Amino acid sequence: MELFDILVSATFWAAVLRIASPLIFATMGELICERAGVLNLGIEGIMVAGAFAGWIAVYAGLPLWGGVAVAFGAGVAFGLLHGLLTVPLGLSQHVAGIGITMLATAATYFAYRVALPEVSSPPKITAFQPTGWAVLGSQTVLTWAALATVAVTGWVLWRTPLGLALRAAGENPAAVEAQGLPVHALRMGAVAVGSGLMAVGGSFLTLSAFNSFFFEMVNGRGWVCIALVVFGAWRPGRALLGALLFAGFDAFQIRLQQTSLGAGLPYQLFLAMPYLLSVLALVVMSRRTEVPAALMTPYNKGER
Amino acid sequence: MRLEAIEAPGLARRLGLPAAALAATVLVAAGLAAIAGGNPLDVLGQIVQGAAGSKFARLETLNRATPLIFTGLAVAVAFRARLWNIGAEAQLYLGAVATVVIGTQSGLPGPLVIPAMAAAAVVAGGLMLLGPTLLKTRLGVDEVVTTLLLNFVVLLLVGYLLEGPMKDPMGMGWPKSPSLPAEARLPRMAEGLRLHWGFGLALICAAGVWLLQARTTLGFEMRAVGANARAARFAGMPVNAVLVKTALISGGLAALAGFSEVAGMKGNLTADISPGYGYTGIVVAMLALLNPLGVVVSALFVAGIFVGADSMSRQAGVPSYIADILLASALLFMVAALKLSRFRIVRG
Amino acid sequence: MAEILRLDGITKRFGPVLANDDISFALNEGEVLALLGENGAGKTTLMNILFGHYMADAGTVTVAGTPLPPGQPGAALEAGVGMVHQHFTLAGNLSVLDNVMLGTRPLFSLRAGRRAARARLAELSGRFGLAVDPDARVADLSVGERQRVEILKALYRDARVLILDEPTAVLTPQEVEALFATIRKAVAQGLAVVFISHKLGEVMAVADRVVILRRGAKVAEMRSAETDRHRLAEAMVGAEITPPDVPPAVPGEVLFRLDRVSTAGTPGLRAASLALRAGTITGIAGVSGNGQRALADLLSGLEVPVEGRAELMGAGLGIWSPRRAVGAGIARIPEDRHATGAIADFDLTGNAMLEDYHRPPMSRRGWLDRRAARRRAEEIIARYDVRCPGPATPIRLLSGGNMQKLILGRVLEAGPRIILAAQPTRGLDIGAVTYVHRQLLAARARGAAVLLISEDLDELRALSDVIHAIHDGELSPAFARGEITVKELGLWMAGQGGRDAA
């Protein structure tokens with residue numbers, strides 16, 4: 001019973017949380033953007049930028065949490081750019097998002113080459129270490145932060161006046177404007193903070209999961225998070241569940257590859273699974289109607 | 001602050017703002033060059049020199065532009081109908097696979113094999129986009145995300161094929177396909193000219209797409225569906241069928257980029273034949289304002305930046321990723337400029 | 001009575017258009033002021049300025065003696081001016097309570113304060129007679145209930161001035177009475193109300209004073225006790241309104257028939273029966289959102305019956321689609337001409353051939369005949385008096401009336417036997433309204449069967465030979481011209497027809 005052994009092993013569950021953590025951060029970030037009515041396809045590039053920014057900051061001597069903060073700041077910067085293009089200017093959120101991903105990715109690679117012109121392989125840093133706590137001691141504190149992010153996101157969105165305003169901005173911005181609230185500022189803020197979280201998700205890769213920065217290390221995780229938001233029906237709790245399920249499957253397939261069952265199959269099939277699973281999640285959830293009503297609809301004052 | 005539509009924007013506005021977008025891109029380039037420790041003017045000069053300063057450079061630019069014309073057309077056709085095909089990369093690779101399969105396996109006689117390869121590529125690319133399109137029309141699944149995700153799947157599939165079923169036994173262990181026989185290679189456009197007929201085919205496709213959009217009922221339908229799908233459906237247009245046809249055309253065009261690279265340039269398939277031509281096609285199409293003839297011009301421009309930046313990088317030591325930043329900035333500046341050429345920002 | 005609101009010399013230009021030209025008026029506590037003007041007279045722009053959505057080029061707004069800073073949407077709300085927009089500004093997926101609370105507490109406070117809000121909402125509901133369930137999702141409410149939520153939103157914020165923008169357009173006659181009762185309660189408690197409308201009868205019924213706007217300028221101000229409908233009408237349009245001249249109908253055979261037809265979707269049709277006869281206009285009265293869309297979509301080819309039988313010229317519909325509907329000779333004037341009837345970025349030529357681009361003479365074997373298309377557009381422009389620079393003009397640059405004329409030309413050119421006119425005059429100025437009415441009557445005179453769906457009871461009662469009310473997808477029996485009073489029609493629109501016929 002190799003399959004069963006995998007599922008009961010402690011290392012499997014540790015891996016699930018480790019794989020899920022960056023996805024959780026970035027999924028919450030995307031969820032916040034979309035709840036306010038802005039699709040952020042810059043997510044993939046922002047994660048790349050966050051992974052690099054956090055890592056290079058620590059390499060330059062900042063403490064680990066300083067690296068996280070720098071990553072967050074880099075995300076906010078790209079988020080503000082995406083916000084500027086899509087909120088007051090009302091450009092196509094698809095095109096602007098793809099552009100942001102291209103820009104953030106290219107800028108990161110450029111910065112890497114400029115910062116480290118001589119190296120043949122990227123230098124290592126001392127990453128976050130397992131906490132050794134009684135519960136899930138093999139996780140780093142960043143994983144705990146990811147879980148806390150879910151709770152905070154849920155609380156803010158559903159239990160505070162700010163959250164109500166953000167959700168209303170994603171449902172009917174005219175209603176927000178009519179109550180005297182600034183739609184554009186709310187949306188810009190949501191995109192900025194959401195993008196910051198995406199970047200922190202990226203930095204988890206360099207500051208916790210690995211201890212170095214590689215090109216292609218984000219590798220489509222951002223797109224997966226877009227699917228997770230849909231799968232989670234734009235609710236933090238359900239999106240967390242989706243991320244864990246997804247990570248569980250990913251951890252499972254890695255181990256499955258090492259069993260006799262998996263050895264006969266091409267490894268690319270296993271690597272393709274996350275993407276195929278994401279497509280499947282989109283298909284399964286396609287008939288649901290919880291989409292924020294004003295998602296992808298720019299708002300221009302005075303127009304109704 | 002809000003946007004107010006300008007009823008009849010003047011020529012100055014319509015041309016001036018895109019020009020300003022290009023100027024802003026050049027400024028970004030200069031800034032990046034300075035950051036990387038180069039002299040901005042030298043770096044810009046070397047990019048231009050490297051892209052167009054010699055016959056070799058110009059041919060290199062034309063060769064690099066060829067796949068970009070195809071992917072740019074693919075994106076332009078799809079975006080015009082508001083089908084967000086971000087999967088040109090996957091379609092390109094499947095086209096390349098189909099090209100190699102027919103080229104090495106079909107045993108067709110010389111004159112037939114090239115058309116058969118191209119046809120197979122078109123079919124493969126079209127089918128690749130058909131899936132996400134049907135998911136969109138039947139289930140309402142956003143095609144942006146599905147086409148993006150499938151890019152990764154197809155790249156893994158190609159990796160598998162090149163290590164397994166399609167691996168060249170003579171490849172010394174490298175993951176690459178067998179080479180195409182000589183009769184399956186695209187000839188050069190002129191004796192002694194290092195430019196293959198893929199470029200000619202790209203020009204023909206651009207003209208064809210222009211004709212399709214401007215002069216045919218299908219083109220009218222594609223434009224109408226893109227401009228207002230609800231009104232198109234109300235008027236009696238078969239919106240879903242139009243999207244499916246658009247997908248087949250768009251996917252087929254992107255696949256021709258793979259065909260042209262394999263049959264014209266490389267002669268075999270490796271997992272790195274495209275350094276992101278599918279994604280760059282988006283920039284090419286947007287800079288061309290989705291106009292198929294404009295795609296040719298903008299593909300040349302974009303290819304020039306890549307070729308020029310490569311050449312500059314070797315001399316000035318500024319990383320060639322500067323090209324990617326420039327294109328992304330050009331894309332963002334351009335879409336913003338286009339918006340502002342139709343709207344003015346007013347206070348209150 | 002103390003003055004609570006004053007507008008002084010408000011002027012606003014959009015490019016070459018002077019939307020508001022030096023408008024001034026004042027409002028006292030405990031007073032209902034009607035702002036009367038036809039579509040495009042500048043009422044909406046004026047309100048957008050009052051609320052800081054637009055900035056006036058000149059002029060000031062003063063609330064209770066304090067001038068409002070221009071261009072700040074929050075300022076009017078803070079000062080106690082509440083507005084109920086014509087298109088409700090509610091988030092459908094949120095609850096009533098959420099909608100009311102939105103923006104009433106500091107954004108960054110940590111608690112929502114729902115309990116206190118709930119109590120206050122209940123108190124206001126009772127005081128003003130505005131019953132509504134605070135936990136209901138707004139999307140599940142009827143239009144009348146949503147309007148109550150809008151009014152509660154304003155009252156919750158301690159509004160001292162309540163502005164109602166065309167509040168009766170979406171109500172049944174009985175609901176209008178209830179709204180007037182609420183207005184009287186509010187005024188009795190010292191609030192001031194601005195009632196924006198273009199309906200003379202309502203203005204006379206509810207307002208103390210009337211300010212009349214025409215083409216952006218204030219043309220008259222009078223006490224309603226000292227005037228009458230004719231004088232108001234004359235001031236509003238600058239001329240006497242002449243009702244359309246409707247000759248007696250010559251009913252012919254039934255061209256389209258529904259026999260207990262239901263459709264999918266909410267609200268879909270429910271066992272609806274209807275017969276459209278040649279040479280008659282059949283009117284459908286109802287509050288929006290009661291299945292009018294489904295009926296229009298059915299006739300347009302977008303919707304198919306899931307139950308019951310629909311007959312076109314005596315035969316079944318067969319495989320039904322918009323293209324079939326066009327092919328069968330149904331002229332379709334859609335409810336939303338901007339979003340459904342036209343492609344904004346296409347020129348007039350493209351819009352003129354939207355329905356028959358696929359067959360000769362517009363195209364042959366898949367190739368467009370651009371010359372034929374242009375000729376067609378030019379013909380329509382000339383024959384239907386479409387005011388535009390030429391057939392190559394993007395249609396988005398046209399006024400609503402001219403856009404509607406192009407659509408009329410597109411669908412009427414071929415001499416259709418059946419005409420669907422869904423809200424054909426909504427948002428048009430009086431000239432365009434008259435034009436549309438004349439075209440529909442001309443079509444009736446040459447033997448077409450017209451289905452007229454409208455929310456304007458005056459229009460319906462003037463034009464329709466036969467009238468049905470629609471409520472929640474159910475059609476009332478057919479009533480011949482003059483057979484039913486407004487009050488009875490209102491009961492049918494509310495779904496209570498035939499039960500307690502008064």
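## Two helices side by side in chain A

At what angle do helix H11 and helix H13 of chain A pack, and how far apart are their axes? In this predicted model, the angle between H11 (residues 236-257) and H13 (residues 267-284) is about 160°, and the axes sit 10 Å apart. Angles over 145 degrees count as roughly antiparallel, so H11(A) is roughly antiparallel to H13(A). As for handedness, H11(A) and H13(A) make a right-handed crossing.

Sorted by class, the contact has eight nonpolar residues, three polar ones and one charged one.

## Helix H10 of chain A, under cover

H11 and H13 turn up again around another helix of chain A: both are among the elements that cover the buried residues of H10(A). The cover also includes helix H2 (10-35) and helix H3 (43-59) of chain A, plus helix H6 (143-163) of chain B.

How many of the residues of H10(A) are buried? The count is eleven of eleven. Among them are Arg221(A), Gly222(A), Trp223(A) and Cys225(A), as well as Phe231(A). After H10(A) comes Ala233(A), which has a positive phi near 50°.

## Where chain C touches chain A

The contact between these two chains involves 26 residues of chain C and 22 residues of chain A. On the chain C side, helix H2 (73-78) and helix H3 (96-101) each supply at least two of the touching residues. That side of chain C is made up of 13 nonpolar residues, eleven polar ones and two charged ones.

Two cis peptide bonds in chain C are worth a look. One joins Thr266(C) to Pro267(C), with omega about -10°, and Pro267(C) sits in the loop between strand S11 (254-263) and strand S12 (272-277). Another joins Pro360(C) to Pro361(C), with omega about 5°; here Pro361(C) belongs to the loop between helix H12 (348-352) and strand S17 (363-364).

Glu216(A) has a phi of about 65° and lies in the loop between helix H9 (183-209) and helix H10 (221-231) of chain A. Is Glu216(A) buried or exposed? Glu216(A) counts as exposed because it has 8 C-beta neighbours inside 10 Å, and the cut-off for exposed is 12 or fewer. Over in chain C, Arg215(C) has a phi of about 45°, in the loop between strand S9 (209-214) and strand S10 (217-223). With 16 other C-beta atoms within 10 Å, Arg215(C) is partly exposed.

For chain B, an unreviewed UniProt entry lists "transmembrane region" at several spans, including residues 234-259 and 279-309. In the model, residues 234-259 of chain B are 85% helix and 0% strand, with the end C-alpha atoms 39 Å apart. Residues 279-309 of chain B are 87% helix and 0% strand, and the end C-alpha atoms of that span lie 18 Å apart.

For chain C, UniProt (unreviewed entry) gives "domain: ABC transporter" at residues 5-240 and 250-497. Residues 250-497 of chain C come out as 33% helix and 24% strand in the model, and the end C-alpha atoms are 28 Å apart.

Note on methods: Residues are numbered from 1 along each chain as its sequence is written. Chains are lettered from A and ligands numbered from 1 in the order in which they are written. This is a predicted model: local features need pLDDT of at least 70, side-chain atom pairs count only at pLDDT 80 or more; totals for chains, interfaces and linings use all residues. Two residues are in contact if their C-beta atoms, placed from the backbone, lie within 7 Å. Helices (H or I, at least four residues) and strands (E, at least two) are DSSP runs, numbered from the N terminus. Ala, Val, Leu, Ile, Met, Phe, Trp, Tyr, Cys and Pro count as nonpolar, Asp, Glu, Lys and Arg as charged, and the others, Gly among them, as polar. Axes are lines fitted to C-alpha atoms, for helices over the stretch in contact, and angles run from 0 to 180 degrees between N-to-C directions. Angles under 35 degrees count as roughly parallel, over 145 as roughly antiparallel, 65 to 115 as roughly perpendicular and the rest as oblique. A crossing is left-handed if the near helix is turned anticlockwise from the far one by less than a right angle, and right-handed if clockwise. A residue is buried if 20 or more other C-beta atoms lie within 10 Å of its own, exposed if 12 or fewer, and partly exposed in between; C-beta atoms are placed from the backbone. UniProt positions are given in the numbering used here, feature names are shortened, and annotations may be inferred rather than shown by experiment.
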